Amino acid sequence: LRSTAKNHAFTTIVTSPDQYDDVKACIEANGGTTLSLRKKCAARAFSLSAAYDSAIASWFTKELGEESPVVTRVYKPEFPLKYGCNPQQKPARILSLLNTNLPFTVLNGTPGYINLLDAANAWLLVKELREATGLAAASSFKHVSPAGAAVAVPLKDVECAAYEVTPEAAAKLTPSALAYLRARNADPMCSFGDYAAVSDIVDEDTAMILKKEVSDGIVAPGYTPEALAILKSKKGGKFIVLEAKADFVPDSVEYREVYGMTFSQKRNDVVITKEHMTKKVVTKGGVDALPDAAVRDMIVASICVKYTQSNSVGFAKDGMMVGVGAGQQSRVDCVKLAGRKVSTWYLRQHPKVLGLKFKQGVKRQDRVNARVRYIEGDFTDEERTRWEAQFDTIPEPLTTSEKEEFMAKATGVTISSDAFFPFRDSIDHASKVGVSFVAQPGGSVQDPQVTTCCDDYGMVMSMTGVRLFHH
C-alpha cells in the first residue's frame, strides 16, 4: 500500500470497492487515471495503513496508560457541518474515532455544531435520570445547559392550568410525554427553540407535545412510527431527529483541544444515587427528616447540575427542575439567578396570572412571554402598550405585596449545588423561594456555618461528597 501510494505520480492504488466507480469513470473519460484522482487514492491508502498502525499504537497506549510515550488518536470524517459555533467558523465537521461509531444516528434533519453538543449533554442527563430514579425522564437544552429537566410525576390541577393542559388530558399522558411537558415548563421562555431529550421510546403523545412547541430537535433511544412521522413533518421537514445507540460505550478518557493544548481527563462517569443523598445528612433530624420525594428531587437536581455549565445550582420540586442557574462566577449569583426563575415558576400559578384573558389568536409562546412579563412587571412605556394590546381587558397589576404573600406559601423545594457553598448567603437567599432541602458536596471550611444556617431555616442538608463542575 505505502510503496504504491508513494508512486502515485505513475500508479493508482485502489483500496476499497467504493472507489471502483470513480476510477472507471475517470479512465473512460480520460483514457487513464488523472494525477488528481491518483492523489486522492494515495491519500486513502496512506490513511488505511495509518489506521492499521494507529490501531496497534492505540492498543499499546491503553495497555501502558500514563506510561505511554505517545497517545495516538486517528479520526474518520463522518459528515460536514454548515459551520461551527458561528457562521465565520468554517470549515466544520463531525468526526468519529477510527474503528468506532458515533453515538447517534441521524433520522431526520441536518444537525449543527451546537445542536450536537446539546444532544450529547441532554441525552446523558436523561439517561442517568432514568437509571437513578427508574422513571421516564426528559430534558430541554439551550446552549449546552438545561433550561429544564424532569421525571414523570403526575401533575397537580394548578400545574395543568399553568401549563395549558386539562387535568383529563394530563391524566392520559404517557410517562415520556409527562416528563417532557414538565421539563419544557420549568422555564418555557428559555426553552423556546430548545433541543429535547427523552429517556424512553418517543410515542405519539410526546411527539404531539413537541409538535406545538418551537424546538430544534430531539434525541431519544427510539421512536414509534407514528411519532417519527409527526416529528419528520415539523419545521417543514427540517426538525432534527437523532436516535441514541443503546450499545454505544464512550472511552473512559476524554480529550479536548484548546489553543494548541490537548487536555485529557477521565470522564465524569460518577453515578448519582440515593446513597449520595442519605449517607451524610448533617442537619437536625438526620436522614429520618428526609422524605423519599425529597431524595428523588435531590437526585434530579444533582444530575441536572452535573450537565450544567459551572458554577451552577439547580432547584427542583415534584420531580422537575424549577430553576437552573448556569455559568456564574459567584455561587450566590447562581442562587439569585435560579431563585428568580423559581419565583417565576411559582407565580405562574397565581390566580391573577391564571386568570389573564388573552385575545383570540395570541400565539402560545406569546402567551408564555406575556405571563412572565406580567409577573416581572418592569415595563417600559412602549413595552406596556404592546403588552396590553394582547388582552381583551387590560389586567390589573400583580403587586409586590401580592407576590410576596403568594411566595410566602412556597415550600418543599430542593436546591443542589455543583460545588460547596462557601458562605451562608446562598442558603439565606434560597430560604426566600421555599427551599426545604439542600444537596451539596461539602468540603468547605464554612461547612459548619452553612449547616447552622440550614438548621436556622429548618432545612435538611445532605453532603454528597461529589463535586460536579462541568466546563
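# Exercises on a predicted protein chain

The protein chain has 18 helices and 15 strands; helices (H or I, at least four residues) and strands (E, at least two) are DSSP runs, numbered from the N terminus. This is a predicted model, in which local features need pLDDT of at least 70, side-chain atom pairs count only at pLDDT 80 or more, and totals for chains, interfaces and linings use all residues. Residues are numbered from 1 along each chain as its sequence is written, and side-chain values use heavy atoms, with hydrogens and water left out.

## Exercise 1: the whole chain

Task: describe the extent, burial, contacts and surface of the protein chain.

Step 1. Along the principal axes, the C-alpha atoms fill a box of roughly 85 × 55 × 40 Å.

Step 2. Of the 471 residues in the chain, 48% are buried. Buried means under 20% relative accessible area, exposed over 50%, and partly exposed in between (1.4 Å probe, protein chains only).

Step 3. A contact means heavy atoms within 4.5 Å. Among contacts between residues at least 6 apart in sequence, 58% join residues at least 24 apart.

Step 4. The accessible surface comes to about 23,700 Å², and carbon and sulfur atoms account for 54% of it. Such areas come from the Shrake-Rupley method with a 1.4 Å probe; for residues, only the protein chains shown count as cover.

## Exercise 2: asparagine 108

Step 1. Asparagine 108 is found in strand E3 (residues 104-108).

Step 2. With a relative accessible area of 14%, asparagine 108 is buried.

Step 3. Leave aside neighbours within four places in sequence: asparagine 108 is then in contact with Lys232, Gly237, Lys238, Phe239, Ile240 and Val241.

Step 4. Which backbone oxygens lie 3.1 Å and 2.7 Å from a polar atom of the asparagine 108 side chain? At 3.1 Å it is the backbone oxygen of glycine 237, and at 2.7 Å that of phenylalanine 239. The rule for a polar contact is a pair of N or O atoms within 3.5 Å; within protein, one must be able to donate a hydrogen and the other to accept it, and residues adjacent in sequence count only if both atoms are side-chain atoms.

## Exercise 3: leucine 231

Task: decide whether leucine 231 is buried or exposed, and list what it touches.

Step 1. Helix H9 (residues 225-232) holds leucine 231.

Step 2. Leucine 231 counts as buried because its relative accessibility is 0%.

Step 3. Not counting residues up to four places away in sequence, leucine 231 touches Val202, Ala207, Leu210, Ile218, Tyr223, Phe239 and Val241.

Step 4. From leucine 231 to threonine 206 the separation is 25 residues in sequence and 9.8 Å in space, C-alpha to C-alpha.

## Exercise 4: aromatic rings

Task: count the aromatic pairs and describe the one formed by tryptophan 387 and phenylalanine 391.

Step 1. Rings of Phe, Tyr and Trp (its six-membered ring) pair if their centres lie within 6.5 Å; planes under 30 degrees apart count as stacked, over 60 as edge-to-face and the rest as tilted.

Step 2. By this rule the count is 5 aromatic pairs. In one of them, tryptophan 387 and phenylalanine 391 are 4.7 Å apart centre to centre with 55 degrees between the planes, a tilted pair.

Step 3. Tryptophan 387 is buried at a relative accessible area of 6%, and phenylalanine 391 is buried at 3%.

Step 4. One aromatic cluster is formed by Phe358, Tyr374, Phe379, Trp387 and Phe391.

## Exercise 5: backbone geometry

Task: locate two cis peptide bonds and two residues with positive phi.

Step 1. Most residues other than glycine have a negative phi, and most peptide bonds are trans.

Step 2. Lysine 90 and proline 91 are joined by a cis peptide bond, with omega about 0 degrees. Proline 91 lies in the loop between strand E1 (75-81) and strand E2 (92-97).

Step 3. Serine 310 and asparagine 311 are also joined by a cis peptide bond, with omega about -10 degrees. Asparagine 311 is in the loop between helix H11 (292-306) and strand E11 (313-317).

Step 4. Lysine 235, not a glycine, has a positive phi of about 55 degrees. Lysine 235 lies in the loop between H9 and strand E8 (240-244) and is partly exposed, with a relative accessible area of 43%.

Step 5. For tyrosine 259, phi is positive and near 50 degrees. Tyrosine 259 lies in the loop between strand E9 (253-258) and strand E10 (261-266) and is exposed at 81% relative accessible area.
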